[in-house]
Amino acid sequence: MTADGVYVYAIIRAGRRLPPGARGVGSPERSLRALRRGRIAAVVSDAPSDLRARRRDLLAHQELLLLLSEQGAVLPMRFGMVAGDETAVHGQLATREAEYVGALEHLSGGVEFNIKALPAQDALAALVAEDKKVRRLRDELRRHPGYEASIRLGEAVAAGLRRRAAEAGQRALSELTPKARAVTFGPEVRGCVLNASFLVDRGASEDFRGVAERIARTSRDRMELRLSGPLPCYSFVPAEGAAVRAQGA
């Protein structure tokens, strides 16, 4: 895949200095600049001609956003957001200035945590002890082994593990939601029963992490809870407009 134009990393308040020594994606790494419009600015660089979701570039993008978020509120763009030229970026900023300013105010002092809940893979014994249907199908298979009986038992086990994980995930959601400013749900992820992101005050991030880790420990017979964060607040950014297009990723 090739890319032309301007690579957009983030939107910040106008007048902020870029982190010293920070560089953009590409090889060689592209120089960063801020395109200002009114009260906001876009952090951009020239777009590499061979833009791809390489590990090197993904890390460069992420590390820049983390540096920016340490200095103040940031509206992070996901990897691979490219505008046709600087005029398109200025137009986008002008059109949505008030919206972006409001979003920056909302995200000020915040970080994102994401949790994904999956069925526990070593919970078969607990499921059998709890689920009468699974026990009945297991006993039937022992008395009358066969392909169809094995399929019925396998389906019941998968459904039971998923149900138990979903119940535990909802309890985790209920406990973590009051500790966040906002919660949003991500797209369906294969194998997951819950994919949720939380906007958390930076000063409360260790407390949030501690609670999530405790839930993961106490619920491991029902679900595997995966925690990511603190992250730039990707999930709480207004949807990008038509002036910016996704390239790669």
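Tyr 7, Tyr 9 and Phe 79 come together as one aromatic cluster in this predicted model. Let us start with two of its members. The ring centres of Tyr 7 and Phe 79 are 6.1 Å apart and the ring planes meet at 65 degrees, so this pair is edge-to-face. The two partners come from distant parts of the chain: Tyr 7 sits in strand 1, while Phe 79 belongs to the loop between strand 4 (75-76) and strand 5, 72 residues apart. Tyr 7 is buried, with a relative accessibility of 0%, and Phe 79 is buried too, at 11%.

Another aromatic pair joins Phe 113 and Phe 208; this one is tilted, with 5.0 Å from centre to centre and 35 degrees between the planes. Phe 113 is part of strand 6 (residues 110-119) and Phe 208 part of helix 7 (residues 205-218), so the pair ties together parts that are 95 residues apart in sequence. Both of these Phe residues are buried. The count of aromatic pairs in the structure comes to 4.

**The nonpolar cores**

Now for the nonpolar residues. The largest nonpolar core has 24 residues, and Ile 11, Ile 40, Leu 75, Val 89 and Leu 93 are the ones that touch the most other members. Strand 1 (6-13), strand 3 (40-46), strand 5 (81-83), helix 2 (86-95) and helix 3 (97-107) each give at least two residues to this core. Helix 3 supplies the largest share, 5 residues. Apart from this core lies another one, of 21 residues, including Val 111, Ala 168, Leu 194 and Ala 212.

Which residues does Ile 40 contact, leaving aside its neighbours within four places in sequence? Among them are Ile 11, Leu 35, Leu 93, Tyr 100, Val 101 and Leu 104. The list also includes Arg 13 and Glu 97.

**A look along helix 2**

Which residues of helix 2 are buried? They are Val 89, Gln 92 and Leu 93. Viewed down the helix axis, the buried residues fall within an arc of 95 degrees, so they line one face of helix 2. Thr 87 and Thr 95, on the other side of the helix, are exposed. The cover over the buried residues includes strand 1, strand 2 (33-37), strand 3, strand 5 and helix 3. At the N-terminal end, Asp 85 caps helix 2, with a side-chain oxygen 3.2 Å from the backbone nitrogen of Thr 87.

**Salt bridges**

How many salt bridges does the structure hold? There are 13, and the table shows some of them.

| Partners | N to O distance |
|---|---|
| Asp 57 and Arg 56 | 3.4 Å |
| Lys 179 and Asp 207 | 3.5 Å |
| Asp 201 and Arg 181 | 2.6 Å |

Asp 57 is buried, at 2% relative accessibility, whereas Arg 56 is partly exposed, at 41%.

The bridge between Lys 179 and Asp 207 links distant parts of the chain: Lys 179 is in the loop between helix 6 (147-176) and strand 7 (182-185), and Asp 207 is in helix 7, 28 residues apart. Lys 179 is partly exposed, with a relative accessible area of 34%, and Asp 207 is partly exposed at 43%.

Asp 201 lies in strand 8 (residues 194-201) and Arg 181 in the loop between helix 6 and strand 7, so their bridge ties together parts that are 20 residues apart in sequence. Asp 201 is partly exposed, at 37% relative accessibility, and so is Arg 181, at 33%.

Finally, Arg 33, Asp 46 and Glu 86 are linked in a network of salt bridges.

Conventions. Residues numbered from 1 in each chain as written. Predicted model: local features only at pLDDT ≥ 70, side-chain atom pairs only at ≥ 80, totals over all residues. Heavy atoms only, no water. Core = buried A, V, L, I, M, F, W, Y, C linked by side-chain atoms within 4.5 Å. Buried < 20%, exposed > 50% of the residue type's maximum accessible area, 1.4 Å probe, protein only. Helix = DSSP H or I, 4+ residues; strand = E, 2+ residues; numbered from the N terminus. Contact = heavy atoms within 4.5 Å. Arc of directions from axis to C-beta. Polar contact = N/O pair within 3.5 Å; in protein donor to acceptor, adjacent residues only side chain to side chain. Phe/Tyr/Trp six-rings, centres within 6.5 Å; stacked < 30°, edge-to-face > 60°. Salt bridge = Lys/Arg side-chain N within 4 Å of Asp/Glu carboxyl O.
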